[in-house]
Amino acid sequence: MTVYRRVRPEEMRACISLADEVFQHEDFRTLIPKAYSPEHEQRAAHFAAFEGNQPVALVAALENNLHVGDAILKYGYIGTVCVHPAARKAGHMRKLLPMALDSLRESGCSLAMLNGARQRYGYFGFAPAGASVSYGISEANRKHALAVSPERRICFAPLRQEQASEAWQLHARQPMRAERPVQDFLEILQTYRRVAFSVSVNGNFAGYLACNASLDTIDELILADNALLQETLAAWMDAHAPKGFHLTVPSWDFAKHQQLALLAESSSISSPQQMAIFDFPRVVSAFLTFKKQLLPLPEGTLSLSTGDQGFTASIQGGNVLVSATVAPDASRFSIPNAVTALFSPFAQSLLPHAPAGWLPLPFALPVADEF
């Protein structure tokens, strides 16, 4: 008999062993230390299918707060979705994922996120959301468009724990960010075995970055002064990536786009996270208000219904107003398609009558905040 329930603390070791085995003997304690190091293994809620006293399928939900401009949204990140090979095709995820999502709703989350195959998770209300831009920085860019001032010596070194508070302060200034406790900041940057570096200028701390182990993909680069961006890229190429590298930038970070769009060899847009929305009015209000802080938006109205819930958003007199009421002529979508219509890079084509510039709503998280 299979029993589906929340995992107890004393069962975590068996659950981590299951995940290690399913993901080809990965060591989850070092892969995602923010959730599976010995001191943090109770941080996420885990739900498992048990046969006897052994877990055969597992889902986890890690709660956090997302700062979106001046708003704070509580959210959950779904991760460690796995089934033992001998227990597959038994419908375990049809039981476990709703349990995890219900726990997030009950705890007051407005939305959930995960990474995975679109159609697999679309059944549970998820769809790709947001956009990140990957810029390709080439040798030709370095030669012709990037230069380092002789007055500045930009260096990189592994980020040390004693520098974490300075890096955390820079992160805390970002207008969209997931909360990261300062004492866990370095550990969080090392999610999925990313490598964290400090950036110094003439010996003074000037920022930090997180990249993959081969040092050719920078997932997060935060500088105290974006005027140093191009010199920092040149210095990184000289020190660690002479053949070129990629830099990922969230769609809302206009200060970086204004420079990189004019010099990068290539660029591509992706939506690495999927989103499910539990509270459309609250989520739309936060993200539309944030976009209005980034760009001037025209007055207007947009109404959308998913059948079970919906919203009407308007900008009047410079104020963003969002209610749970649905207009008679509201656009109608399933929940996952509504996420796509609001957050996809191509949202305006799905809601062509939306006021110009409102869509897509800006969203992106770096790898460090994934689960």
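Trainee: Which residue in S10 is the bridge partner of Ile 154?

Mentor: Val 201 in S10 is the bridge partner of Ile 154. Strands here are DSSP runs (E, at least two residues), as are helices (H or I, at least four residues), numbered from the N terminus. This is a predicted model, in which local features need pLDDT of at least 70 and side-chain atom pairs count only at pLDDT 80 or more, whereas totals for chains, interfaces and linings use all residues. Residues are numbered from 1 along each chain as its sequence is written, and side-chain values use heavy atoms, with hydrogens and water left out.

Trainee: How many bridges join S8 to S10, and how many join S10 to S11?

Mentor: Strand S8 (residues 154-158) and S10 run antiparallel, joined by 5 bridges. S10 and strand S11 (residues 204-211) also run antiparallel, with 7 bridges; Ser 198 has Tyr 208 in S11 as its bridge partner. Two strands count as paired if DSSP finds at least two bridges between them.

Trainee: What lies between S10 and S11?

Mentor: The two strands form a hairpin with 2 residues between them, and Asn 202 in the turn has a positive phi of about 50 degrees.

Trainee: Why is S10 described as largely enclosed?

Mentor: Strand S10 (residues 195-201) has 6 of its 7 residues buried, so the rest of the structure largely encloses it. Buried means under 20% relative accessible area, exposed over 50%, and partly exposed in between (1.4 Å probe, protein chains only).

Trainee: Moving on, which residues touch the most other members of the largest nonpolar core?

Mentor: Tyr 36, Phe 287, Leu 342, Phe 343, Leu 359, Phe 363 and Phe 371 do, out of 62 residues. Helix H11 (residues 280-294) supplies the largest share of this core, 7 residues. Apart from it lies another core of 30 residues, among them Phe 156 and Leu 221. A nonpolar core is a set of buried Ala, Val, Leu, Ile, Met, Phe, Trp, Tyr and Cys residues joined through side-chain atoms within 4.5 Å.

Trainee: What is Leu 342 in contact with?

Mentor: Leaving aside neighbours within four places in sequence, the contacts of Leu 342 (heavy atoms within 4.5 Å) include Phe 280, Val 284, Phe 311, Leu 359 and Pro 360.

Trainee: And the cysteines: how many disulfides are there?

Mentor: The count is 0, a disulfide being a pair of cysteine sulfur atoms within 2.5 Å. For Cys 82, the nearest cysteine sulfur is that of Cys 15, 8.3 Å away.

Trainee: Is Cys 82 buried or exposed?

Mentor: Cys 82 is buried, at 3% relative accessible area. Cys 109 also counts as buried, at 6%.
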